[in-house]
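The sequence and the structure are shown first.

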Amino acid sequence: MLVSAKEMLDKAREGKYAVGQFNINNLEWTKAILLTAQECNSPVILGVSEGAGKYMTGFKTVAAMVKAMDESLGITVPVALHLDHGSYEGCYKCIKAGFTSIMFDGSHFPIEENVAKTTELVNVAHNLGLSIEAEVGAIGGEEDGVVGKGECADPDECKMIADLGVDFLAAGIGNIHGKYPDNWEGLSFDTLAAVNEKVGDMPLVLHGGTGIPDDQIKKAISLGVAKINVNTECQLVFQEATRAYIEAGKDQQGKGFDPRKLLAPGFEAIKAKVKEKMELFGSVDKA
C-alpha cells in the first residue's frame, strides 16, 4: 500500500537521517528500487517527472504499475509515489491518477503567485490525505525541460511558503540537477542554516543529489534535510552496465539481444546504487 511521504519525512528529520527519492523511468527501475528498499528495510519515495510520466503513457499508467508491483512483490516498507517538479496542471493530473504525494514547483512564479497556487494545492492535497512539497529558489541545471540557475533561496520567502502548510520544502542552496561542474562551489550551508532556523521542524529537501560529496550530504542532513533526490547517478550506472553488456557481444548467436537479459545488468546496477545511497543517507532499517 502506497502512503503519503509526510510521516516518513517527519521521522527522518527527527531521527537525523534522510529518505531517498529515486526517480523511475520504466518497469525495471521501479522494480529495482522497490526490492532494494525492502531488502534495506528503508522507506522510499518514487519520483516521477512530468517527462517520465508522459514517456510511460501517463500518470494513470504509472500509478497502476507502481501499486500493482508494490502488492505483487510483497513490499512492506513505506513507499510514496511522488510527482517531481510538478506544474500546477500536472499536480491535478497526479492527484486524479492516484499519486500519494505531489511537488508543486512554483519557484519560477513571482512569490505572490507561488503563494496563491501553493495555498490552493495544499488544501486540495491535505483534504485527500496526500503530502505536498514546494520549492523556493530554483534548482540549477535542467531536468525534463525544467531549468534553474542554481539560486540560493531567500529564507524569509521559505518561511512564507512553509507557513502555508506544505509538508516539506525544497530550498535552493546552490545545488543543481545533473553532473556538477568542476568549478562548482559546493552547497551554501549558511543559506541552509538560515532556512532551517526560519522553518522550524519542517523537513527540507535536497534536489540534485548526484555528485554531492558525502561529507556535504551528511552536513545537509544535520541541518534539517530529510529527503534527498537521486536520478542522474541511476541513469549513469544503468547506461554503463547496459553498454558493457552490448559491447561484450552477449547476443544470441547473431539473433539479437533478449531484452530481459539486456536490461538485467542495468537493473542490478541500479539496485547497488540505491543501496549505496540508502546507507549514506542513514535510512537503512528505519522503515
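The structure is a predicted model.

Strand S10 comprises residues 225-230, and six of its six residues are buried, so S10 is largely enclosed by the rest of the structure.

S10 pairs with two strands that are described here. Strand S1, residues 19-23, pairs with S10 in the parallel sense over four bridges. Within this pairing, valine 19 has lysine 227 of S10 as its bridge partner. Strand S9, residues 204-206, also pairs with S10 in the parallel sense, here over three bridges. Leucine 206 has isoleucine 228 of S10 as its bridge partner.

Strand S3 covers residues 79-84; six of its six residues are buried, so S3 is largely enclosed by the rest of the structure. In a regular strand, side chains alternate between the two faces of the sheet. In S3 both faces are covered: one side carries the buried residues Val79, Leu81 and Leu83, and the other carries Ala80, His82 and Asp84, likewise buried. Strand S2, residues 44-49, runs parallel to S3 and is joined to S3 by six bridges. Aspartate 84 of S3 stands opposite serine 49.

| Strand pair | Sense | Bridges |
|---|---|---|
| S1 and S10 | parallel | four bridges |
| S9 and S10 | parallel | three bridges |
| S2 and S3 | parallel | six bridges |

**Helix packing**

Helix H6 (residues 111-127) packs against helix H7 (residues 155-162) at an angle of about 20°, and the two axes lie 10 Å apart. H6 is therefore roughly parallel to H7, a term that applies to angles under 35 degrees. The crossing of these two helices, H6 and H7, is right-handed. On the H6 side the contact is made by Ile111, Asn114, Val115 and Thr118, and on the H7 side by Glu157, Met160 and Ile161.

The second pair consists of helix H2 (residues 27-40) and helix H4 (residues 59-72), whose axes come within 11 Å and cross at roughly 40°. H2 is therefore oblique to H4. The crossing of H2 and H4 is right-handed. Leu27, Thr30, Lys31 and Leu34 of H2 meet Met65, Val66, Met69 and Asp70 of H4.

Is alanine 116 buried, partly exposed or exposed? Alanine 116 lies in helix H6 and is partly exposed, with a relative accessible area of 47%. The C-alpha atom of alanine 116 is separated by 42 Å from that of glycine 266, and the two residues are 150 residues apart along the chain.

Methods
Residues are numbered from 1 along each chain as its sequence is written. This is a predicted model: local features need pLDDT of at least 70, side-chain atom pairs count only at pLDDT 80 or more; totals for chains, interfaces and linings use all residues. Side-chain values use heavy atoms; hydrogens and water are left out. Buried means under 20% relative accessible area, exposed over 50%, partly exposed in between (1.4 Å probe, protein chains only). Two strands pair if DSSP finds at least two bridges between them. Axes are lines fitted to C-alpha atoms, for helices over the stretch in contact, and angles run from 0 to 180 degrees between N-to-C directions. Angles under 35 degrees count as roughly parallel, over 145 as roughly antiparallel, 65 to 115 as roughly perpendicular and the rest as oblique. A crossing is left-handed if the near helix is turned anticlockwise from the far one by less than a right angle, and right-handed if clockwise. Contact means heavy atoms within 4.5 Å.
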